[in-house]
Every structure is written in structure tokens, then in C-alpha cells.
2 protein chains.
Amino acid sequence: MTINDIAALTGVAASTVSRALSRPDRVNRVTRERIQAAARELNYVPNTHARALSSGRTETVALLVSDATNPFFFGLIRGAQQQLRAAGHALLLIDTEDSAELENHLLHKVRRSVDGVILAASRLPERTLSVIAAELPVVTVNRNVPRVRSVVIDSPDGVMQAVEHLVSLGHRAIAYVAGPPSSWADAARWRAMRTAMARHGLTAARVGPFGVSRNSGSVAADALLNTGATAGVTFNDLLAIGILRRLAERGVDVPGEISVVGCDDIFGADFCSPPLTTLTAPIEQAGRVAVSMLLDHLEHLGETASRQTVLLPTHLTIRQSSGPAPRR
Amino acid sequence: MTINDIAALTGVAASTVSRALSRPDRVNRVTRERIQAAARELNYVPNTHARALSSGRTETVALLVSDATNPFFFGLIRGAQQQLRAAGHALLLIDTEDSAELENHLLHKVRRSVDGVILAASRLPERTLSVIAAELPVVTVNRNVPRVRSVVIDSPDGVMQAVEHLVSLGHRAIAYVAGPPSSWADAARWRAMRTAMARHGLTAARVGPFGVSRNSGSVAADALLNTGATAGVTFNDLLAIGILRRLAERGVDVPGEISVVGCDDIFGADFCSPPLTTLTAPIEQAGRVAVSMLLDHLEHLGETASRQTVLLPTHLTIRQSSGPAPRR
DNA sequence: AACCGGACGGCAATCGATTGCCATTAATTG
DNA sequence: CAATTAATGGCAATCGATTGCCGTCCGGTT
């Protein structure tokens, strides 16, 4: 089942078999068809590693996520996987465990064994990222670095919508519940939050940073209550759901006493209790777009990129975790 | 940054470098250390593909899931990923889109590029599975095939617990909400359900099969109500959560009018409303164990396996979706 | 002194495909 | 009709590591 077996069987040279299979126009129709028939017959599958070794193309893309258990990434993985399969590429999934060091280490390790990488929620400093992008095709998700192509979900815009929503409901004291300090998205959201608040002559409170797990939600909920805010916008839904649970435990009525707005609209946001008002992000699409950009880039290496950054819109999905500000 | 560069730099043959790095005891201490130092210096990372080509070992394992969006698999992916990283192996994630054909096709495709595969929720017939297992190290999850090692989550036992639970609450008419017909686990659960019911002189109703998505939950809920059952045990939590939503829409009180028990205890099962009574499965552990078994098998190829099947216990986690049977 | 065996390291084949280059043949053209 | 060009397919090098085999050196035996 190697190219040589087929060559022997059809009485041509191995190189011809190779061509018949990968550059069909380079070989005569009848020869080609004979070869292809034989290949099909023998159930031939080219050896990925041999191909990679000689051609340099691996047909494999690595997707680095900071935490494989975070439902946010499920959509991303799904989208990426879909698009990659359509292109006949494989998906190497890598969990960086939220550590910049590990991320860097693993990146170096796979550098030579993939065609490119997608960095979802990279924790790497901008400089490192630039270096890596120079030696390996990279697409980042939710992370903007000069000269590195990226797909970013426009949650800052969404955060503004969220603030408008809350302000229109009479909220004046609104807090931002922060996520990981090394998260670019976190910084962007906080910035947007302050801007939006300022527009109404208000200033946003801020609590955190918190880890992005439901457990951190307990601490976050308590901190949120301490600010005296009547509404909180959280870094992501996981945190928000955790907060909701803690508030329920403490007997705090949501949205009666406090409103909570999440971010991402992950699996579960629509059926937690109360269902979460959140910024719906096109996560799966982000995964698909990231792959498309990467593959596109791979095909036109050397050419100047048409578009370096794709901004995906979000919208506020209002459910039952947000409501009118309580009367004082 | 190849083995040859290091060889040139240290003035030894490439073969010596290779040995110094992979079979340290085959080379003199001082030579070895000189080489290792140089390797570290140059930030050398062996080329995966070259290594795979000559040695046959790829240090890569494929994980095939039937649907990457199903939260059940998240835990599995996570567990597998963890264990693989610990062993320095890579994870190739493959989504078979619930199609036996595609699964088979993709398996053949990756056959030569991985050391082994983990089949989570395989849709393949037993015969095909046997054939594949003969030519490639395989570990299945939740699927029992002779001569193929596997880790199975003992949900049949859990189903019995669930039935006991429901019967003790006064339920007599209990229905099983079935999943995909090609799912081995589904068959096993249904069997367990009938056995458990029979023990009490009862017979279980059965509705389905349904696809495993929340949307199928709507249809399933209606079908479930039609049976007149006062309780339903579902193939999995995703379905159960979908059912819960539909029941809420229709104004049916859970557990007042009907009890619902899920299976797996996925993310979300604890915070849907009402929180779902379900069979808690050690999913992440299953992923870890599957990888361990596979790696272990790889190390002792040829030897007779110590244990072919690992059975992981489940337990019933009682939440608020199950309660006393309604009075008639 | 002759011999033996182990430690060490080099040589070269090998894994399976890709690809630049060249030879052959056929077709086109002035 | 000679000559240029295009189509086709083979040869052999190459990618980067691994590994079986062999030679050399050295210390220890008898």
C-alpha cells in the first residue's frame, strides 16, 4: 500500500504515481486513470509523514486553546474542525492550560509539524506572538496583534449594547467582573465598558480578576455584591453562571436585586436560571473563519494579505437575568 | 536545527546525535552531554514526521467523537488531552458527524499517521471494528467488542439505580427515551431498563429513537407525554435538557406531573431548571483511562493484554427533576 | 602474548513520498 | 522538411530521523 506497490502494479515509476495522484494534469489521461484505479483498488492512502517530510506540507493545523473544558472553545473547535475537514486537513488540539510558558513551549514543539496554528485566547505577550507569527503562519482569535491576522469577536461593541440596555433599565452603578489579566479580550471589554459608561456620565466599578470557571463565580458574586452595584457585566458566561448560582444560594433575587449580563452565549446560557442575558458571539463562525483565513494564507504565502483582521459582530440577547434597577 | 546541524557542530555523526537524544545509555557520558547541550542551545526539536517515517512511531493518538458539539465529549477530550500531554503525545481530534461511513473512511485515512485511536461512541458494526482493531491499536469508549480493549461507563448499572429511585417514589409507568439506534450504549441502557423494571413486575415503555441534540428534546418530550408515563429515563442529558425545556413550554410541571432522569451529568445538568437528576459518569476519567490503556498497549505490543476492559462506576445524582409520582 | 568482550561511534540503508531535471516522443510550425 | 515546442514519464536526490551492522579501542583473562 505504498506508492511503490502501485507503481509496480501498473508498471510505471513511483514518481508517475505520485503525479497521477497529486498533479493529475502532469500525466496522460489513460495512464492516470489506470493508476487511479489501482490506487482505489488497493485502498491506497498516502503516508502523511512521508509527504510532510518531502513536501513540507502537513495538511494539519493546530488549534491552541487555553482550557479545553471551557464551553466557549467547544464552538470554536467545532467550527474549526468543520472547515478543516472540508479542506481535508487534520486538527491537532492543544490545551495550553492557561499558561503562557506552556503555550510557548508547545508552539515551539509543533512548529515544524503543522502548516499553521490558530491561537484561541493566547496568553502570550505581543512580542512573542510577533516572533512566532514570523516563522509560522498564525491566526489569532480574539487577539489583535500588528501584522498577525486575526478574527476578533466584537464584544466591545456588545459591551456597549449591554451598558445601554442596563442604563435604560435605570441602572447607574454597574460593575465589570474581570477575567484573566493576560486576556486581551478582557482588557478590550473593560475599556469598552468604561467608555460606554462615561457616555452617560457614569463610572464603572471593577472587580477581579477572576479565573474563568464556575467556581470562581462564587467569589466573584460576593465581590460584585460588595461594590453595591445594581448590575454586573461579566467577562464571560462561565463566570456569570457561577455568579448566578452563588446569588441564588445567598438568596439574592436576579434580576430583582441585581442584574447580570454575561458574554459569549455559550451552551447553557439559555437554560440556566434565570436564563442569562448575554452577548451572543458567533463562536462557531469564528472557528470557521479562522481556519479559512489560515488556509487562504497558506495558499498565497508570500503575497500580501487581502485582509488581516475580520471583525465578527455580536448582539445582546436579552433573557431573564437582567431587569429594571431596584428602587432605593 | 536538524540533527545534522548538531552533528556538524559537535563533530560527531548524525547517528550519534540521534542516540544521544533518544537512547542516552548508548553513548558516552561526555559525548552525550556535549550533544545535549548543543541541542538545547540550538533549541532543537526533532522533526515529528521524519521520526515517524523511520521509526514508525508517531507519538500521536486520534480521538474520534461522533459530534464535537456534544458536551459529553468535552470531558472525554479533556481527559484524553491531559493524559496524552503528560506522555508527550499529541491529540488528533476527529469528528465523525455521527456517520458510520465517515467514521470508517476517516479511520482508514489516519490509520498510518497515528500510533492508535480512541473510538468514542463508535457507530461502526462489530465486524468492522474487529477488522480495524486488528490492524491498528484501538481503545473504544462505551462500546464492548470482543478482543478490543475498551473503557465502558457502567450506565446500565446506573439505569437500574435510576429505576429503583423512581419506583421507590411510586412511579409505575416509566418510559425510556432512546438515542441513536447505532449506539451501543443506547442498547445497553434500554436492556438494563427493562431488566430493572421486570424486577418489579413492570414493563418499560420506549420512545424514540431520537437524535442527541436539545432540539430533538421537543419531539421527545411530546412522545414521552403520549406514553402516559409518569417518569422518563433518557439516553443522555442533552436530550433530557431539551425535554425539560419543552415541558416547561407546555406548562407541564417537573417533577410534579412527570419526572425526568438524564444520563452522563454533563456540563449544565446541575443548573438547568429544574436541575437534572442524572447518572453521573466519570467522563474525564474515562478519557484518561482510555489513553492510559492505549499507551500501555503500545508499549507492550505483542504481549497479551493484562486487562481488556475497564468498567467505570456511575452513581445516581438526585436533583430536582425527579420526585414522587403524581396521584391519580 | 594471545584472546575476548564490551563500550562507543560511524557508515549507510531505510521509511514513503515529492520534485527538479532530463530523455523521449509526438505535434506544431515556418 | 527541418526545427522548435509541448506532453509525458523516468531517474535520482531529497526531506530528517532511526537503526542494523561493523570497526576500533581498551581493559581484563588465562
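A: Let's start with a strand. This is a predicted model. In β2(B), B:Ala90, B:Leu92 and B:Ile94 point one way, B:Leu91, B:Leu93 and B:Asp95 point the other way, and all are buried.

Q: Why would neighbours on a strand point opposite ways?
A: In a regular strand, side chains alternate between the two faces of the sheet.

Q: How many residues of β2(B) are buried?
A: Six of its six residues, so to speak a mostly covered strand.

Q: Which way do β1 of chain B and β2(B) run, parallel or antiparallel?
A: Parallel. Strand β1, residues 60-65 of chain B, is joined to β2(B) by six bridges. One pairing to look for is B:Leu63 with its bridge partner B:Leu93 in β2(B).

Q: What does the chain pass through from β1(B) to β2(B)?
A: It goes through α5(B). This β-α-β crossover is right-handed.

Q: OK, now the two protein chains. Which strand of chain A is joined to β2(B)?
A: Strand β2 of chain A, residues 90-95. Two bridges join it to β2(B), and the two strands run antiparallel. A:Leu92 has B:Leu92 as its bridge partner in β2(B).

Q: How many residues of each chain are in contact?
A: 33 residues of chain B are in contact with 32 residues of chain A. On chain B, the elements that each supply at least two residues to the touching side are α4 (48-55), α5 (71-86), β2 (90-95), α6 (100-110) and α11 (237-249).

Q: How does that side of chain B divide into nonpolar, polar and charged?
A: The side of chain B that touches chain A has 16 nonpolar, 11 polar and six charged residues.

Q: You listed α4. Which residues of α4(B) are buried?
A: B:Thr48, B:His49 and B:Ala52. They cover an arc of only 95° around the axis, which puts them on the same side of α4(B).

Q: Why can residues a few places apart point the same way?
A: An α-helix has 3.6 residues a turn, so residues three or four places apart point the same way.

Q: What covers the buried residues of α4(B)?
A: The cover includes α4 of chain A. The face of α4(B) turned away from its buried side carries B:Ser54 and B:Ser55, which are exposed.

Q: What comes just after α4(B)?
A: B:Gly56. That glycine takes a positive phi of about 90°.

Q: Now the DNA. Which residues come nearest to DNA strand D?
A: Of the 25 residues around DNA strand D, the nearest are A:Ser15, A:Ser54, B:Thr2, B:Ser15 and B:Ala50. Two or more residues each come from α2 (14-22) and α4 (48-55) of chain A, and from α1, α2 and α4 of chain B.

Q: Last topic, chain A as a whole. How many helices and strands?
A: Chain A has 12 helices and 12 strands. Along its principal axes, the C-alpha trace of chain A spans about 90 × 35 × 30 Å.

Q: What share of chain A is buried?
A: 49% of the 328 residues of chain A count as buried. For contacts in chain A between residues at least 6 apart in sequence, 70% join residues at least 24 apart.

Methods:
Residues are numbered from 1 along each chain as its sequence is written. Chains are lettered from A and ligands numbered from 1 in the order in which they are written. This is a predicted model: local features need pLDDT of at least 70, side-chain atom pairs count only at pLDDT 80 or more; totals for chains, interfaces and linings use all residues. Two residues are in contact if their C-beta atoms, placed from the backbone, lie within 7 Å. Helices (H or I, at least four residues) and strands (E, at least two) are DSSP runs, numbered from the N terminus. Ala, Val, Leu, Ile, Met, Phe, Trp, Tyr, Cys and Pro count as nonpolar, Asp, Glu, Lys and Arg as charged, and the others, Gly among them, as polar. Two strands pair if DSSP finds at least two bridges between them. A residue is near a molecule or strand if its C-beta atom, placed from the backbone, lies within 6 Å of it. A residue is buried if 20 or more other C-beta atoms lie within 10 Å of its own, exposed if 12 or fewer, and partly exposed in between; C-beta atoms are placed from the backbone. A crossover is right-handed if, with the strands pointing away from the viewer, the path from the first strand over the helix to the second runs clockwise. The arc is that of the directions from the helix axis to the C-beta atoms.
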